[in-house]
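Here are a few exercises on charged and aromatic side-chain pairs. Have a go at each one before you read its solution.

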Amino acid sequence: ARGRCRVGEIQLALGRTEAARRSFDQYVRQCEAFAEHHTGVSRARRTLGVAYYKMGELESAQATNEALTDDLRRIRWQEARNWFRKCQDVFADMKNREMLEAGDLGVPAEIAAEIAACDVQLASLRPDER
């Protein structure tokens with residue numbers, strides 16, 4: 001699974017967003033299956049959170065494409081927010097279950113900042129209400 005994530009990161013860095021989406025989709029499915037079968041294993045939960053985060057990164061990258069209409073950018077920002085929220089839920093659950101490792105204690109706040117950034121973008125792209 002880790003290799004699939006790395007491939008997605010490289011594809012995203014190269015601007016190949018649809019290929020990155022396929023890679024990250026596969027990564028998410030693999031991580032969800034692994035986490036489902038290893039519910040008490042912190043590594044499985046953390047990997048799932050990272051997979052959701054990667055999808056949020058992908059959607060954010062697409063949302064910044066100013067060639068898209070505001071409606072499409074709004075959809076991408078909302079999708080990014082949804083993925084970051086799923087990631088936040090995983091890490092919050094890990095924190096509540098005292099499964100977070102010391103190096104991850106700041107992750108919930110970092111994810112909250114990503115969600116807040118999505119909210120700022122969504123507010124800036126609100127359709128005119130006349």
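**Exercise 1.** In which helix do Asp 89 and Arg 85 both lie, and how many residues apart are they?

*Solution.* Start with the ground rules: this is a predicted model, where local features need pLDDT of at least 70, side-chain atom pairs count only at pLDDT 80 or more, and totals for chains, interfaces and linings use all residues. Residues are numbered from 1 along each chain as its sequence is written, and side-chain values use heavy atoms, leaving out hydrogens and water.

Step 1: find the helix. Both Asp 89 and Arg 85 sit in helix H4, four residues apart, or about one turn of the helix. Helices here are DSSP runs (H or I, at least four residues; strands are E, at least two), numbered from the N terminus.

Step 2: check the contact. Asp 89 and Arg 85 form a salt bridge, with their closest N and O atoms 3.5 Å apart. The term means a side-chain nitrogen of Lys or Arg within 4 Å of a carboxyl oxygen of Asp or Glu.

Step 3: look at accessibility. Asp 89 is partly exposed at 41% relative accessible area, and Arg 85 is partly exposed at 42%. (Buried is under 20% relative accessible area, exposed over 50%, partly exposed in between, using a 1.4 Å probe and protein chains only.)

**Exercise 2.** How many aromatic pairs does a search of the whole structure find?

*Solution.* Step 1: count. The search turns up two. Rings of Phe, Tyr and Trp (its six-membered ring) pair if their centres lie within 6.5 Å; planes under 30 degrees apart count as stacked, over 60 as edge-to-face and the rest as tilted.

Step 1: take Tyr 52 and Trp 83. Their pair is tilted, at 5.6 Å centre to centre and 40° between the planes. Both residues, Tyr 52 and Trp 83, are buried.

Step 2: take Tyr 53 and Phe 84. This pair is tilted too, at 5.2 Å and 50°. Tyr 53 lies in helix H3 and Phe 84 in helix H4, so the pair ties together parts 31 residues apart in sequence.
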